[in-house]
Amino acid sequence: ELLIALAILGVIATFTIPKVLFTANSGQNTAVAKEAASMISGAYTAYALENGSAASGTTAGVLTPYMNYVAVDNTATAYSFGAGCNAANTVCLKLHNGGVLRYASNNSFGGTATTNAIYFNIDPDGTGSATPATFVLYFNGRLTTAANQDGSTATANAPTTYTPDPAYIENWN
């Protein structure tokens, strides 16, 4: 009876342990992604309060003084969003929670609330092993994910490639 009970427990553990580990990792990535989104949104709000509002020429770089990051990464490390952080017009910020936030320094709003946006890519674990996400910050301060962006809007200043949102934040809006 003891051997049968141990065999049953072994079978149950075989199916549950990987799921528990995946859920914990996904939960951590979700938390990092949401914290980065909150930081971007807060930086936009602080910038707008201090400067009156954003302009069409406002770039992501003017928002960084209002962001909470540890260091600027200028290495060739290829995070999960692709190219290294030493590419032209690319800035990567190492976040205190382990994530890496990337944006194009030459990307500006370039329009109105319904036309163009600034894109931020996040590698939530900073190692390249997690699926990256793309956040879209519109001229009016609305922040959403690439999977939820407004149809054909925000394409004029879009990077050549951006990552559709991974499952852990695809329904977050």
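C92 stands opposite R102 in strand 3; strands here are DSSP runs (E, at least two residues) and helices likewise (H or I, at least four), numbered from the N terminus. This is a predicted model, where local features need pLDDT of at least 70, side-chain atom pairs count only at pLDDT 80 or more, and totals for chains, interfaces and linings use all residues. Residues are numbered from 1 along each chain as its sequence is written, and side-chain values use heavy atoms, leaving out hydrogens and water.

**Strand pairing**
- Strand 2 and strand 3 pair in the antiparallel sense over five bridges; pairing requires that DSSP finds at least two bridges between two strands.
- In the hairpin of these strands, with five residues between them, G98 takes a positive phi near 100 degrees.
- Strand 1 and strand 2 also run antiparallel, joined by three bridges, and A71 has K94 in strand 2 as its bridge partner.

**Nonpolar cores**
- A nonpolar core is a set of buried Ala, Val, Leu, Ile, Met, Phe, Trp, Tyr and Cys residues joined through side-chain atoms within 4.5 Å; buried means under 20% relative accessible area (1.4 Å probe, protein chains only).
- The largest has 28 residues, and F120 is among those with the most contacts inside it.
- Helix 1 gives the most to this core, with nine residues.
- Strand 2 has four of its five residues buried, so it is largely enclosed by the rest of the structure.

**Confidence**
- The protein chain averages a pLDDT (the predictor's confidence in each residue, from 0 to 100) of 78.
- Over residues 151-157 the pLDDT is below 50.
- Where pLDDT is low, the predicted coordinates should not be read in detail.

Terms used. Contact = heavy atoms within 4.5 Å. Buried < 20%, exposed > 50% of the residue type's maximum accessible area, 1.4 Å probe, protein only.
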